[in-house]
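The sequence and the structure are shown first.

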Amino acid sequence: MSINRRQFLRRAGVVTALGLGGSFVINGISGKKDVVAASEYAPSTQGLKANHWAMVVDMSKFKTEDDFKRVIESCVSIHNIPDFGNPKDEIKWIWEDDYEHTFSGGDNEYLTEDFKKLPFMIMCNHCENPPCVKACPTGATFKRPDGIVDMDFHRCIGCRFCMGACPFGARSFNYRDPRPFIKKIDTDYPTRTPGVVEKCIFCVERLADGLMPACVEASKGGLIFGDLDDPNSEVRKIISTQYTVRRKTELGTQPSVYYLVGGGDHA
Amino acid sequence: MYKGGRIIASLIIFVAFLTLPFFFNLGKANAGPDLPTYASSSDSQCVEPAAYMKANHMQLLLKWRDSDVRDGNSVYINSQGKSFDISLETCVQCHTTQATKNTVGVNNPALNTSDQFCVSCHNYASVKPTCWNCHSGPEGATK
C-alpha cells in the first residue's frame, strides 16, 4: 500500500489545515478575556527624579572609624546585607578601603603621602558606560534613564560575568544562603537567595519614596547626592568649583561617584 | 498468537493496576482547596475583581514586578481608576490569616505547612511560588 508523491502531499495538506483550523476553533470557544484594558502603571508622585544621579564623597568628613561604620551600618541594616564572617563570602554594598585599592593605576603626583594613607568610602560607581551591564546575559543588571545601574534580582542567574567585568569590585555573590547571617531582617526590603549577585543600587527604593539614600542621610554631610545634569544642584556646584577625583577614569567607564579631596584640611 | 493467553491476561492485570486509583476514587467528591478565611474587611475588593484575580494574579504579579523594578513605575492604577502601591505588602495587608506568626527566614508562608493565604491553594495545585524566598511574609506587612 504505497502512496505516490501527489497523494502524500494532498494528505499532508489536509492534516495541516485540520490542525490550524482546530486551534482557531478551540481559541474561539475558550474565548480569551484576560485583559483588563483600563489598568495602567505610573511612577510614584513623591519620588525624587533626576537626569543623572551622582554622588560626591567629601573626604574631609570621613576622619574617624565611626564615620565609616555609621554610614556602612545604615546601608547594611536596611538592605538585609548578611555578615558571613569571612572575607571570601563577604557581601559589600558600601565599604572602606585604602588608597592603593581605590585609585590603583591613576597615581596623581601632586597627592601628598598623607592622602595616600587615607581610608576611602567605596560603593558602586554607577558608571555612565557600565561594563557590568554589557556583560550581563539576562539583563538583570541594567541602566535606568536616571543614570542608576540597578539590579533586578529576579533575573540574576548567578553567572558572575558582571563581577569579572566590574573594575571596581563593587559586586558580591551569594555563595551561601544569606538569611541566617542577617542580623535583623528589615521586612521593607527583600533578602537574596544563594546564586544571586548584589551591589549598591543608590537606594532606588528610597528615591521612589522621596527619600535620600540611607548612606547620605547617615553621613552627616560627608556624602552629597544629587542631579549631575542640574547646574544648580549641590553635587554639580562642588564638582564644577572644587577639585574632585574619580576612580580608574583611564578605563573610560565614567563613574558617577566623585571624591572631593580639596575640601577641609586634606590635600 | 504465540503465548497469546498469557499476554492478554497480563495486559488485563496491567490495565487493572493502572486504573485502580481511578476506580478507587470513583464517586467520591473532590473537596477542592482548603480556602482560607483571612482578615480583611468584607466590603473591600482586591486590586481587580476577584474573578480576574483568581484567573490572572500570576500574570498581574509579573507585570507588577517588571513595572516596579525595571520601569520604575511603582503605582498601579486599576480598571476602576483606583491607585495601589506596587508591592507584595499591598497583597498581604489583606491576604493574611494571622493565625500563624511567621518568622521571616524560618517559616515560609507560601511553602511550609502554614495556613497562610497563598499556601492553601498552591499546595492543592502543587505549585510552588518562589516569592517568599526573598520577600518578607505577611508579618512584615501587618507590623
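Which residue stands opposite B:Tyr76 in E2(B)? The residue opposite B:Tyr76 in E2(B) is B:Phe84.

The model is predicted: local features need pLDDT of at least 70 and side-chain atom pairs count only at pLDDT 80 or more, while totals for chains, interfaces and linings use all residues. Residues are numbered from 1 along each chain as its sequence is written, with chains lettered from A and ligands numbered from 1 in the order in which they are written.

**The sheet**

Strands (E, at least two residues) and helices (H or I, at least four) are DSSP runs, numbered from the N terminus; two strands pair if DSSP finds at least two bridges between them. An open sheet is formed by 3 strands in the order E1(A)-E1(B)-E2(B), with antiparallel pairing. E1 of chain A and strand E2 (83-85) of chain B are the edge strands, each pairing on one side only.

**The contact**

Chain B contributes 27 residues to the contact and chain A 23 residues, where residues are in contact if their C-beta atoms, placed from the backbone, lie within 7 Å. On the side of chain B that touches chain A, at least two residues each come from helix H2 (50-70), strand E1 (75-77), helix H5 (131-134) and helix H6 (138-141) of chain B. H2(B) gives the most, with 8 residues.

Definitions and conventions. Contact = placed C-beta atoms within 7 Å.
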